[in-house]
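Trainee: I would like to learn how to read the features of a model one by one. Where do we begin?

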Amino acid sequence: MTAEKKILCIGAGYVGGPTMAMIAFKSPRSRVTVVDINPERIAAWNSSDLPIYEPGLDKLVAATRGRNLFFSTDIKAGIQENDIIFVSVNTPTKTFGHGAGMAADLQHWEKTARQILEYSESSKIVIEKSTLPVKTALAMERILNSRENGVRFDVLSNPEFLAEGTAIRDLEQPDRILIGSRETPGGLKARETLVEIYAEWVPREKIITSNIWSSELSKLVANAFLAQRISSINAISALCEKTEADVTEVAYAVGMDSRIGSRFLNASVGFGGSCFAKDILNLVYLCRHYGLDEVADYWESVVHINRYQQERFIRNMLGAMFNTLAGKKICLWGFAFKANTGDTRESPAIFIARRLLEEQARIVVSDPKALANARADLAGVEGQISFIEDPVQAAEGCHAIAILTEWDIYRDIDFRQIFRVMTQPAFLFDGRNILDHRRCFSIGFNVYPIGKPPLTHF
Ligand code: NAD
Ligand code: UGA
């Protein structure tokens, strides 16, 4: 069968893999190939042990791989054989030179643009799937159209809004699909081609189109708004701890206002993940670049509050445990940046673990899916660290448990048994507010939630 659409995705990561699996699944007449420079990653995509953990992903891949979904390291053939190219490479924060710590590092993205130019023998639609600074499409167009050989490139922006842990549901039932294009005949035609792909399963009214710069900027703004809500409620959690208000009750009362809405108001040890901090810093950098210092300061404060919240968590632990953690054994329940993923990028757990080790505590790291990544994150960090997957075993002999990821398994644990195996007095620091605090207190724990009065036996 000849494929109706021949689609390539460059970058087989958390976005490229699941997104292309969904397109292949929903568009069986298309042929989808995903390529990457990392051969181990591609080998894992071709194995039964996929490189990322995402609920429902294995089923989707099993239904499509080898049928109309293919994973390969042959980037050259991929570019030559396909007409529609998604670029989904990583765009981390720059760590060197001008803009270090703020701007997006566009080296992977630019390398991809140059590869597309080098290998293309026919016209292509090139789609920015990665999150990029506004105006990146202009640079992409300039690189791609730098040769006069009759090969034509139309660049679209199609940012991805999936969240890890719910990626498959988000891809299957997205709130919206955003496609930005140039308003030229070529741009509009390319846009229609991409609309057709999504229209295989997404209702038309949810596929929105815009000018290309609005599309690029909307992605940064969406993440900034989401992170801002978390920093807002986390800032209020600090005030709650001083005033005996309860942040969950405050969030509930505030979120009942339909203009505000109830989601993304869970106070926590801070947000993590590969994108929130990176994308806000990128926004801040752009604002400063355009001389908008007040706007930059406003958004930068979202990141400052997030770091403050993590440091505050450590200070609360120190204060509660008699101002010394040296030699104490502290169990970290959860290392992933959120539940239902093994991803630990920018996880608050990394910061907390390092700070506890600086205080000369001994730490035991436990997580159902993220221990391999946790090991890599803490490799070379000085101090006593052990890794135990089973949370009950991990808590044995510990002075405290700090809950850093909201995994469901922690809600259903037998806390009486945990209490018996811990060193007394036993402390629970609930960095996600997921436990029944009164119950744990009645068992004997000293309980320190976020943004609520502590329950202590002293
Ligand atoms: P990732 O690091 O998991 O995957 C990126 C992949 O690109 C890697 O496997 C890397 O080897 C590959 N790559 C880099 N340069 C390459 C090249 N020249 N040729 C071929 N492959 C190359 O990153 P990710 O989490 O999938 O994120 C990708 C983009 O999507 C980022 O811009 C991110 O901001 C954005 N995004 C991520 C998420 C998320 O939940 N992770 C959600 C929405 C948007
Ligand atoms: C986020 C956005 O939700 C996605 O729309 C976006 O596509 C993605 O970033 C991206 O661009 O990478 P993700 O980081 O995977 O998705 O996960 P979220 O559910 O947004 O959680 C981010 C962090 O905020 C986690 O550490 C989570 O625990 C924390 N969080 C979330 C809170 O502390 N409180 C909340 O109420 C919600």
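Predicted model: local features only at pLDDT ≥ 70, side-chain atom pairs only at ≥ 80, totals over all residues.

Trainee: Which polar backbone atom is 3.4 Å from an oxygen atom of ligand 2?

Mentor: One that belongs to L265. Side chains take part as well: a polar side-chain atom of K338 is 2.8 Å from an oxygen atom of ligand 2.

Trainee: How much of ligand 2 does the protein bury?

Mentor: Read the percentage against the area of the ligand alone. Ligand 2 by itself exposes 700 Å², and 90% of that is buried by the protein.

Trainee: Which residues come nearest to ligand 2?

Mentor: The shell has 20 residues, and F161, L162, S268, F337 and R432 come nearest. Then sort the shell by class. Around ligand 2 there are eleven nonpolar, four polar and five charged residues. Helix α9, residues 212–243, gives the most to this shell, with four residues.

Trainee: Now ligand 1. Which residues come nearest to ligand 1?

Mentor: D36, R41, T91, E164 and K278 come nearest, out of 28 residues around ligand 1. Next, look at the side chains. The side chain of D36 has an N or O atom 2.6 Å from an oxygen atom of ligand 1. For T91, a side-chain N or O atom is also 2.6 Å from an oxygen atom of ligand 1. For R41, the distance from a side-chain N or O atom to an oxygen atom of ligand 1 is 2.8 Å.

Trainee: How much of the accessible area of ligand 1 does the protein cover?

Mentor: Ligand 1 has 840 Å² of accessible area on its own, and the protein covers 93% of it. By class, the shell around ligand 1 holds nine nonpolar, twelve polar and seven charged residues.

Trainee: Which element supplies the largest share of the shell around ligand 1?

Mentor: That is α5, with three residues.

Trainee: What describes two packed helices?

Mentor: The angle between their axes and the distance between the axes. Here, α5 (residues 107–119) packs on α6 (residues 136–144) at about 30 degrees, and the axes are 9 Å apart. The crossing of α5 past α6 is right-handed.

Trainee: Which residues make the contact?

Mentor: From α5, they are W109, E110, A113, R114, I116 and L117. From α6, they are T136, A139, M140, I143 and L144. By class, this contact of α5 with α6 has eight nonpolar, one polar and two charged residues.

Notes: Residues numbered from 1 in each chain as written. Chains lettered and ligands numbered in written order. Heavy atoms only, no water. Axes fitted to C-alpha atoms, helices over the stretch in contact; angles between N-to-C directions. Helix = DSSP H or I, 4+ residues; strand = E, 2+ residues; numbered from the N terminus. Left-handed = near helix turned anticlockwise from the far one by under 90°. Contact = heavy atoms within 4.5 Å. Nonpolar A, V, L, I, M, F, W, Y, C, P; charged D, E, K, R; others polar. Near = heavy atom within 4 Å. Polar contact = N/O pair within 3.5 Å; in protein donor to acceptor, adjacent residues only side chain to side chain. Areas by Shrake-Rupley, 256 points an atom, 1.4 Å probe, with all protein chains shown as cover.
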